[in-house]
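Let's take a walk through this structure together.

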Amino acid sequence: MNQINQNAVVYVTDLGFLTVSCLSLASALKASPNSRFDCFLILVDVPETEIAKVRIYFEEMKKHVEVISINSDVFKGLPSHSALPPTTYGRLIMDKFLPKHYQRVAYLDGDTTIKLDLNELFDYELEGNTLGAVVEVGL
């Protein structure tokens, strides 16, 4: 019987960041060969032809990645700004698209390279806090 993971890694991206997000997720899977988390790509306004390529990419790696396609119409009525792409809102409402059984969810930016096992991230003690975050480190 398969054990249900209590943790999830999530990326939210559009077509412009799709390739780098896939590479980032691939690096996370490589760094975490015995992953105790499920992987999700929430794709905003990505054409079906590109979604098919994403599925093939991860199938060839023999990795299961759940691809969720959404339309930016779900963000209608929210404030808009030229500096805020629709994917910004996707991060804030990603829980609406995920199964409810996850205890911890890690959102990762698509422009990150993962070099260490992400399983340790889910073991980190949040000391009663609901949210953990890191400061982006410059080069």
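**From the pockets to the strands**

The lining of the second largest pocket holds six nonpolar, no polar and three charged residues. In this sorting, Ala, Val, Leu, Ile, Met, Phe, Trp, Tyr, Cys and Pro count as nonpolar, Asp, Glu, Lys and Arg as charged, and the others, Gly among them, as polar. You can find this lining by selecting R91, L92, M94, D95, L98, P99, K100, Y102 and V105. The space inside the second largest pocket comes to about 220 Å³.

Before going on, a word about the model. It is a predicted model, in which local features need pLDDT of at least 70 and side-chain atom pairs count only at pLDDT 80 or more, while totals for chains, interfaces and linings use all residues. Residues are numbered from 1 along each chain as its sequence is written, and side-chain values use heavy atoms, with hydrogens and water left out.

Pockets are found on a 1 Å grid over the protein atoms alone: a pocket is an open set of points where a 1.4 Å probe fits, with protein on both sides within 12 Å along at least five of seven lines, and lining residues have an atom within 4 Å of a point. Grid points are joined across faces, edges and corners, and a volume is the space filled by probe spheres set on the points.

Now turn to the largest pocket, with a volume of about 1600 Å³. Its lining is made of 33 residues, and Y107, L108, G132, A133 and V134 lie nearest the centre. Strand 4 (104-107) and helix 4 (119-123) are the elements that give two or more residues to this lining. Strand 4 provides the largest share, four residues. Helices (H or I, at least four residues) and strands (E, at least two) are DSSP runs numbered from the N terminus. By class, the lining of the largest pocket has 17 nonpolar, six polar and 10 charged residues.

Strand 1 (residues 7-13) and strand 2 run parallel and are joined by seven bridges; two strands pair if DSSP finds at least two bridges between them. One place to look is T13, which stands opposite L43 in strand 2. Right-handed here means that, with the strands pointing away from the viewer, the path from the first strand over the helix to the second runs clockwise.

Strand 2 is also parallel to strand 3 (residues 66-70), through five bridges. Here F40 has E66 in strand 3 as its bridge partner. The chain takes helix 2 (residues 48-60) on the way from strand 2 to strand 3, and this β-α-β crossover is right-handed.

How much of strand 2 is buried? Seven of the eight residues in strand 2 (residues 37-44) are, where buried means under 20% relative accessible area, exposed over 50%, and partly exposed in between (1.4 Å probe, protein chains only).

N5, in the segment before strand 1, counts as buried because its relative accessibility is 18%. The N5 side chain makes a polar contact with the side chain of D38 at 2.7 Å. A polar contact is a pair of N or O atoms within 3.5 Å; within protein, one must be able to donate a hydrogen and the other to accept it, and residues adjacent in sequence count only if both atoms are side-chain atoms.
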